[in-house]
Amino acid sequence: MRLTDREKKRLLILALIMFGSLALLAGAIWFIQIGQGHDYLLSQDRQSIRRVRLPTVRGRIFDRNGICLAGNQPDYGICIYLEELLRSGKKRPTARKAWDMVQELARITGVEPQTTLRRINDHIYMRKPLPMPVWLHLDHKAMARFAEISMHFPAADIALYPKRIYPCGALAGHIIGYVGTGKAGEDTERDYHYYLPDMEGKRGLEKVYNKWLAGSAGGSLIRIDVAGFKHDEESIREPVPGGDLRLSLDLRLQRLAEEALAGECGAAVIVNPENGDVLAMASAPGFDPGMFYPHLAVHTWQALVEDKRKPLFNRAISGSYAPGSIFKPLIAIAALIQGKATADTVLKCDGSLALGGRVFSCHGGVAHGDLDIARALEVSCNVFFYKLGLQCGYDAIYHMALAAGFGEKTGLDLDGESAGLLPSKSWKRQTKGELWRDGDTCNIAIGQGDLLVTPLQMAMFAAAIANGGRLYRPRLVIGRKRHDQSEFEPVPPILERDLRWSADHLAVVREGMRRVVCEPSGTGHLAGLPQVAMAGKTGTAEFGRKGSGRQRGWMILFAPFARPQYAVAMVMDAASGSGGADVGPRLGKMMAEIFADERRSAE
Amino acid sequence: MRNIIQQLRRLNFPILAAMFVLLGLGIVFIYSATANMADREGIRLYEKQIGWAALGFACFLGFALTDYHYLTRLAWWIYAAGLILLALVFVPHIGLEMYGAKRWLQVGGARLFQPAEFMKIALAIVLARLFGWPGRPVRRLRYAVIGVLVTLLPAALIIKQPDLGTAIVFFPVLLGVMFAAGAPGKTIFFFLATAGLIVLLALSVVFLPARFGLPEQEHKELLMRAGITPYQRERILVFFDSGRDPLGSGWNKAQSRIAVGSGGLFGKGFLRGTQNILGFLPRTVKPTDFVFAVIAEEKGFAGVLFTLTVFAVLIYGALRSAAVARDKMGRLLCVGLAAMIFCHIFINIAMTVGLAPITGIPLPLISYGGTFIVSTMSALGIVQSVHIRGDWQS
């Protein structure tokens with residue numbers, strides 16, 4: 001049947017309407033897919049992409065000979081991949097299934113479940129796309145049992161977590177410090193949807209060098225499905241492991257130093273006078289840094305904090321002590337350099353010195369008679385140094401002490417360092433409202449009064465005497481190694497300042513200090529060794545109320561006398577007798593073993 | 001036998017080719033849309049779809065080889081049967097209620113088919129008979145009125161199910177048939193104006209009372225009386241406000257739009273559509289109403305254009321059959337069925353990309369659905385029957 005024109009036209013119109021509509025649709029879809037495609041891609045990613053922070057492995061800490069002080073050890077756990085247990089996109093059945101599996105695993109491995117249904121629900125609510133740890137810190141036996149059956153539990157897998165270990169236990173605990181769990185949002189990485197924390201240094205080198213040791217966290221982009229479970233991993237930025245540190249510490253010396261303090265409260269520091277390396281730094285009592293991670297029991301922490309002997313306190317750098325007589329070499333140097341005295345200057349000791357109505361006496365009121373500087377140091381005559389101090393004047397003493405590093409932090413790369421206290425005339429006026437008197441100068445001259453020093457400051461002072469007047473900045477880290485380096489990169493020593501002590505002047509003081517140890521009449525002769533000549537100075541400082549009888553025992557030392565390798569300072573919080581009697585023998589024993597070891601290794 | 005082969009050689013080839021391409025496309029993307037679903041029934045949806053396509057093809061051949069004049073002769077009986085089947089949906093134990101709608105007939109709990117699908121074809125047949133009977137004066141108003149009544153009756157029953165989307169398709173079929181039959185332009189315009197007015201009225205009932213401060217409760221009652229369910233109201237609101245309730249009623253629209261939009265020029269690749277695989281496109285509607293979103297996401301604009309082109313070929317084929325039809329009834333039959341198929345294509349795709357409210361109309365030959373595949377292929381079979389018997393050699 002032939003179509004009429006009208007019918008033909010109408011069919012054509014119908015065709016045009018239909019094809020036109022389809023073309024219109026195509027145009028609209030072009031606009032959506034090509035024109036606005038980018039926006040839709042973004043919104044699609046926004047709803048399905050999650051960023052996860054990946055923790056990294058912390059760097060290790062070694063002593064100068066390569067012995068590990070802080071390292072990592074794999075800690076085994078079992079985690080469950082919830083997306084494998086997914087039941088029709090719903091939450092409750094999945095949690096139920098995970099819990100059933102945990103119980104089944106517990107039955108087979110014989111390890112009590114460490115999680116609860118509630119915790120599983122929490123995990124699903126809070127961090128669904130991440131594997132859920134259900135056991136942590138499993139021993140090898142449990143791991144072996146799990147490995148045998150693991151193929152029946154495809155949703156469960158062994159998880160490896162790095163665990164911080166301190167192989168040397170409490171040795172150098174104050175220096176190493178410890179770690180705790182880092183908190184989210186403390187760094188600039190706040191854009192993560194899921195934050196897996198690293199360990200974070202809380203004290204000691206772990207804290208000071210946290211950035212170096214921690215490395216940088218990695219991240220991964222995971223795609224989640226509509227129910228929020230992980231679908232797959234889009235991309236990953238590998239975490240960068242932390243760098244290692246090599247310390248100046250010599251573990252052998254550290255052990256000897258800690259043994260020298262055994263049973264007492266006190267501190268001992270051994271430095272290398274040639275470069276400021278801290279070879280040993282002991283503070284007693286100490287603590288084991290390993291007990292802080294992964295968590296410390298509350299009562300243990302309580303006991304540590306409430307212990308009257310303050311085991312967490314690093315006396316070597318944080319303890320401020322009156323130095324007592326070990327400060328006398330500084331007075332001698334100041335007087336010599338100012339030209340107020342020479343090697344031949346002789347002053348008389350009558351057993352006491354009356355000054356403005358007060359009587360300053362030598363210990364026990366013994367009259368030493370006529371003394372030169374060396375002799376005065378040897379017997380530690382107070383009256384001699386009262387007189388020398390007054391002759392010299394406090395300004396000269398103050399500036400010399402300031403230059404030698406007293407009254408300010410040494411700049412050691414460790415936290416919690418104390419500056420001690422070097423009183424100035426204006427300080428006294430401001431804090432006590434009193435003028436400086438000669439009596440104050442006398443007190444400072446024998447290391448008493450308001451003067452406070454740290455054992456480390458004293459060690460650095462002894463090192464300066466030993467090395468001819470160079471004040472180094474003490475240091476603990478002598479080498480750094482990034483994870484991709486094979487050798488440690490050395491850290492150069494820092495010379496704080498050259499004190500410009502003339503060799504002649506210094507020789508006087510050194511001779512006096514040699515006699516302290518090497519002469520039978522020297523106050524530190526109990527520290528003396530037959531085979532090695534050493535020099536030192538003892539001190540006994542009163543503290544607390546005057547006349548309370550409580551005193552600190554001190555001794556500084558450098559050895560061998562001719563070419564010093566070690567500069568030492570040691571303090572005992574409560575000395576029964578004097579520095580010479582209490583500290584001397586301990587230091588002597590320590591030095592004897594150090595040199596004995598040296599000879600052994602030389603042979 | 002020879003007769004059959006002769007008939008088959010006269011088949012409308014563009015329709016046949018487009019049909020196979022679209023069926024293949026559908027099966028492939030139903031596979032993709034259901035790739036990561038746990039199959040509870042053992043048989044995967046795409047496998048079932050292959051079965052439906054086979055059944056559909058049998059119907060296609062059956063209708064193609066049957067003279068359509070049998071259908072037009074029985075038109076009123078077929079129409080009556082369709083009405084009865086539609087009514088049966090509301091009879092307990094025969095009608096099956098799913099998701100709050102009664103759209104299925106059942107036998108002992110097993111879903112049989114959706115009478116509305118049958119009714120679509122029945123309507124096209126009865127309208128072809130009404131307007132295509134030899135010598136009928138179609139310019140008379142009485143035929144327009146009968147046509148409207150004949151269309152309104154089943155549409156009302158379907159709206160009652162409720163399935164507004166399917167019912168809406170009936171009116172373009174009526175319009176198309178009347179237009180092709182040569183009804184006066186004035187009548188056509190009047191119908192279009194009325195339809196526009198109804199839509200406008202419905203929209204104003206949804207939007208205006210709130211503007212004028214009518215309390216929510218009274219507004220709800222007003223809507224009830226106007227026959228607009230809260231569910232329909234929500235869909236209209238979502239359509240006009242793209243940011244509305246993106247986690248609830250706006251979810252499908254937003255996710256489908258993201259799926260299409262993020263497809264880009266060439267798509268993310270087969271089985272790589274994240275919106276699809278990660279389940280942001282809801283599992284229940286992915287293989288049915290939103291299968292086009294999966295195509296658009298995984299094959300991008302290239303896939304969209306290809307699909308639209310094949311649909312255009314299909315429509316072209318149907319209209320070509322109308323042009324070569326031996327008589328007016330055959331021509332109107334082809335136009336009515338073409339209009340029906342076209343409406344499904346247009347509304348479904350427009351809905352997928354957010355250009356139309358979500359109505360639940362499937363995409364012909366691509367969406368999963370047994371009754372729909374069979375009814376669409378039957379319709380194409382009828383068009384082929386017209387074509388085979390057409391006057392197309394001259």
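Residues are numbered from 1 along each chain as its sequence is written, and chains are lettered from A and ligands numbered from 1 in the order in which they are written. In this predicted model, local features need pLDDT of at least 70, side-chain atom pairs count only at pLDDT 80 or more, and totals for chains, interfaces and linings use all residues, while side-chain values use heavy atoms, with hydrogens and water left out.

Biologist: What radius of gyration does chain A have, against a compact globule of 603 residues?
Modeller: The radius of gyration is taken over C-alpha atoms, and the globule rule is 2.2 Å times the number of residues to the power 0.38. The C-alpha atoms of chain A fill a box of roughly 150 × 60 × 50 Å along the principal axes. A compact globule of 603 residues would come out near 25 Å, but chain A has 36 Å.

Biologist: How many helices and strands are there in chain A?
Modeller: Helices (H or I, at least four residues) and strands (E, at least two) are DSSP runs, numbered from the N terminus. On that basis chain A has 20 helices and 24 strands.

Biologist: Are helix 12 and helix 15 of chain A roughly parallel or roughly perpendicular?
Modeller: Axes are lines fitted to C-alpha atoms, for helices over the stretch in contact, and angles run from 0 to 180 degrees between N-to-C directions. Helix 12 (328-337) and helix 15 (394-403) of chain A pack at about 115°, with axes 9 Å apart. Angles under 35 degrees count as roughly parallel, over 145 as roughly antiparallel, 65 to 115 as roughly perpendicular and the rest as oblique. That makes helix 12 of chain A, relative to helix 15 of chain A, roughly perpendicular.

Biologist: Which residues of helix 15 of chain A does helix 12 of chain A meet?
Modeller: Contact means heavy atoms within 4.5 Å. Helix 12 of chain A brings A:Leu330, A:Ile331, A:Ile333, A:Ala334 and A:Ile337, and helix 15 of chain A answers with A:Ala396, A:Ile397, A:Met400 and A:Ala401.

Biologist: What is the arrangement of helix 2 and helix 14 of chain B?
Modeller: Helix 2 (13-33) and helix 14 (291-324) of chain B pack at about 160°, with axes 9 Å apart. Helix 2 of chain B and helix 14 of chain B are therefore roughly antiparallel.

Biologist: Which residue takes a positive phi in the hairpin of strand 1 and strand 2 of chain B?
Modeller: Four bridges join strand 1 (95-98) of chain B to strand 2 (101-107) of chain B. B:Met98 has B:Ala101 as its bridge partner, and B:Glu97 stands opposite B:Lys102. The hairpin has two residues between the strands, and the positive phi, near 50°, belongs to B:Tyr99.

Biologist: What is omega for the cis peptide bond joining A:Ala559 and A:Pro560?
Modeller: A:Pro560 is found in the loop between strand 23 (551-559) and strand 24 (566-572) of chain A. The bond from A:Ala559 is cis, and omega is about -15°.

Biologist: What is omega for the peptide bond from B:Gln161 to B:Pro162?
Modeller: B:Pro162 is found in the loop between helix 7 (141-159) and helix 8 (164-181) of chain B. The bond is cis, with omega near 5°.

Key. Two strands pair if DSSP finds at least two bridges between them.
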